[in-house]
Amino acid sequence: MADEEDIILSELSDDELVLQMHDDLYDGLKEEIEEGVSILLERGWTPYDVLTKALVAGMTIVGADFRDGILFVPEVLLAANAMKAGMAILKPLLAETGAPRMGKMVIGTVKGDIHDIGKNLVAMMMEGAGFEVKDLGINNSVEKYLEALEAEQPDILGMSALLTTTMPYMKVVIDTMKEKGMREEYIVLVGGAPLNEEFGKAIGADAYCRDAAVAVETAKSFVARKHNQIGA
Amino acid sequence: MALSAEVTADPALRLPSDAGLTEEGMQPGLAGRVLLLACGALAHEILALKKANGWSHLDLQCLPAKLHLYPDQIVTAVEAAVLERRADYDQIFVVYADCGTGGLLLKKCKELGVEMVEGPHCYSFFEGNAVFAEKAEEEFTAFYLTDFLVRQFDAFVWKPMGLDRHPELRDMFFGNYTKLVYQAQINDPALDAKAEACAARLGLAYERRFTGYGDLATTLTRVAE
């Protein structure tokens, strides 16, 4: 944008500022996002509205353009860094103001896999969508996953792998959950570059999620179904 | 598919530059009974083996090495090339391992009735699939480069990851790695020095390991026979 430097965020109307923040997120402009978040909060916006209307909505555009091959991983990472900076301001406020809670997720990359970019994006977008996320980090053994499930009692277990050699470990985790009679207690979502829907089905996951946006939508729909089942 | 050199039976005359192998691949000579349909990253190694063993009945076509940046495109490109070339040869052998396709390339090759190299990727078959698998437990924090990838480091690693424009992203990509292992197919001090420089740019410890051609040699020997 040619006149980008001339834009003074505090002089924009709310609607203009939100659109500008979508642009800034797209361009990975961390400081501008922090400033935009602060301005909206000063204007009396709830932290939840800032999160959903400015950050999550902006990141959804980034996600769609990544899926369509318009944006690539480096640009998505820059956008994610900017969103993370905005979320850092909002997180303590969200806790105070009691934003809607969608459910809880335990997530981590599987044993032998250190590639966590996709997993981190999913964790961030899930938090943005109102899920509480317990991130186990990288290289998780079946014992670590099960320990976390016991301790955290989440709705969802998310597993991620980038390597063809490590993705079969997801089946080890799911099979162990079955052996222990705890598989049905959790929604199991899997993702990672070499995975596909067929693999997800074959290992007994509830769903394969192609990207972070799909993970959020899938998680929402499974959690809603689970709650309906409990309510019925 | 755009191919960069004219048809000639002599592979040495057809071999494009490394940049050409990355971007466009290499067309076949349309000579020989068996077509090796390979990744551009393997062209030098396959031609070296072909020359050393006198495999004149093996022809070579390479698909662009950059397909590795989008592994789903490998399956489509291999299928298109097999269908295009199968009438010209008695046999086509696909010189790709799984290469991040999550089993889809193997499935496609079975559908097409062609064989491919065993293993997850070239780092594995250069080292030897069995040895690589044994080491996996203790070496999963290693980032591997082959001769080709050392030569094409900027085109294959640095630029596609946006590190030329955003070096601050380096640790998001490589922060969980502990070392760079250069799997050397040949002994070349210049490549060794470049690989070490690559490790420094990524902020990783450096290790050089001579692998030669590993399982690629045994696999192609079987195909040649």
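Author: A crossing is right-handed if the near helix is turned clockwise from the far one by less than a right angle, and left-handed if anticlockwise. This is a predicted model: local features need pLDDT of at least 70, side-chain atom pairs need 80 or more, and totals for chains, interfaces and linings use all residues. Residues are numbered from 1 along each chain as written, with chains lettered from A and ligands numbered from 1 in written order.

Reader: How many helices and strands does chain B have?

Author: Helices (H or I, at least four residues) and strands (E, at least two) are DSSP runs, numbered from the N terminus. The C-alpha atoms of chain B fill a box of roughly 50 × 35 × 35 Å along the principal axes. Its secondary structure is twelve helices and seven strands.

Reader: In what order do the elements of chain A run?

Author: Chain A has nine helices and five strands. Its C-alpha atoms fill a box of roughly 60 × 40 × 25 Å, again along the principal axes. From the N terminus on, the order is α-α-α-α-β-α-β-α-β-α-β-α-β-α.

Reader: Are α4(B) and α5(B) roughly parallel or roughly antiparallel to each other?

Author: Helix α4 of chain B spans residues 72-85, and helix α5 of chain B spans residues 104-112. Their axes (lines fitted to C-alpha atoms over the stretch in contact, with angles from 0 to 180 degrees between N-to-C directions) lie 9 Å apart, at an angle of about 20°. Angles under 35 degrees count as roughly parallel, over 145 as roughly antiparallel, 65 to 115 as roughly perpendicular and the rest as oblique. So α4(B) and α5(B) are roughly parallel.

Reader: Which way does α4(B) pass α5(B), in a left-handed or right-handed crossing?

Author: Contact means C-beta atoms, placed from the backbone, within 7 Å. B:Ile74, B:Val75, B:Val78, B:Glu79 and B:Val82 in α4(B) meet B:Leu104, B:Leu105, B:Lys108 and B:Leu112 in α5(B). The crossing of α4(B) and α5(B) is right-handed.

Reader: What classes do the residues of the contact of α3(B) with α12(B) divide into?

Author: Helix α3 (residues 43-53) and helix α12 (residues 214-224) of chain B pack at about 55°, with axes 11 Å apart. They are therefore oblique to each other. B:Glu45, B:Ile46, B:Leu49 and B:Asn53 of α3(B) touch B:Leu216, B:Ala217, B:Leu220 and B:Ala224 of α12(B). The contact divides into six nonpolar, one polar and one charged.

Reader: At what angle do the axes of α2 and α4 of chain A cross?

Author: Helix α2 covers residues 30-42 of chain A and helix α4 covers residues 73-97.

Reader: Which residues in α4(A) meet α2(A)?

Author: The α2(A) side supplies A:Lys30, A:Ile33, A:Glu34, A:Val37 and A:Ser38. Across both helices, the contact has seven nonpolar, three polar and two charged residues. The α4(A) residues are A:Asn81, A:Ala82, A:Met83, A:Ala85, A:Gly86, A:Ile89 and A:Leu90.

Reader: What classes make up the side of chain B that touches chain A?

Author: Between the chains, 17 residues of chain B are in contact with 16 residues of chain A. The chain B side has nine nonpolar, seven polar and one charged residues.

Terms used:
Two residues are in contact if their C-beta atoms, placed from the backbone, lie within 7 Å. Ala, Val, Leu, Ile, Met, Phe, Trp, Tyr, Cys and Pro count as nonpolar, Asp, Glu, Lys and Arg as charged, and the others, Gly among them, as polar.
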